[in-house]
Amino acid sequence: MEQICVVTTVVDARRVADVLAAAAVAGRLAACAQVGGPLDSTYWWQSAIQTTAEWWVRFKTAPDRVDALVDQIRASHPYEVPEILVSREESGNPDYTAWVREHTRP
């Protein structure tokens, strides 16, 4: 089976999530991006426990486009220390893997 990569981040506004998703797809760094939420995140920040409503963005991309996608997310992300998680996943559908690869070519 071939792999695709899923890159995930969270932001504190739906509008920001939509902008990150659209920019990645328009720039062919991701074949698609899914926005979901809101969800409540509880975390340590500046020596205190914080709880914030956030929206997540899941980007589907080809393994060779991950670094460029992560760079774009970091440059555009509003957080001082953004969560950017990368997972490599086996695709059970070779047609989907080919679609992801095709749509992440510059």
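With which residue does aspartate 64 form a salt bridge in which the closest N and O atoms are 3.6 Å apart? In this predicted model, the partner is arginine 101. The pair links distant parts of the chain, 37 residues apart. Aspartate 64 is found in the loop between β3 (48-61) and α2 (66-76), whereas arginine 101 belongs to helix α3 (residues 94-102). Aspartate 64 is partly exposed, at 47% relative accessibility, and arginine 101 is also partly exposed, with a relative accessible area of 44%.

Aspartate 64 takes part in a further salt bridge, with the side chain of arginine 105, at an N to O distance of 2.8 Å. Arginine 105 lies in the segment after α3, so its pairing with aspartate 64, in the loop between β3 and α2, ties together parts that are 41 residues apart in sequence. The relative accessibility of arginine 105 is 24%, which means that this residue counts as partly exposed.

The search of the whole structure finds three salt bridges. Among them is one between aspartate 18 and arginine 14, whose closest N and O atoms are 2.9 Å apart. Both of these residues lie in helix α1 (residues 14-26), with a spacing of four residues, or about one turn of the helix. Aspartate 18 has a relative accessibility of 33% and counts as partly exposed; arginine 14, with a relative accessible area of 40%, is likewise partly exposed.

Note on methods:
Residues are numbered from 1 along each chain as its sequence is written. This is a predicted model: local features need pLDDT of at least 70, side-chain atom pairs count only at pLDDT 80 or more; totals for chains, interfaces and linings use all residues. Side-chain values use heavy atoms; hydrogens and water are left out. A salt bridge is a side-chain nitrogen of Lys or Arg within 4 Å of a carboxyl oxygen of Asp or Glu. Helices (H or I, at least four residues) and strands (E, at least two) are DSSP runs, numbered from the N terminus. Buried means under 20% relative accessible area, exposed over 50%, partly exposed in between (1.4 Å probe, protein chains only).
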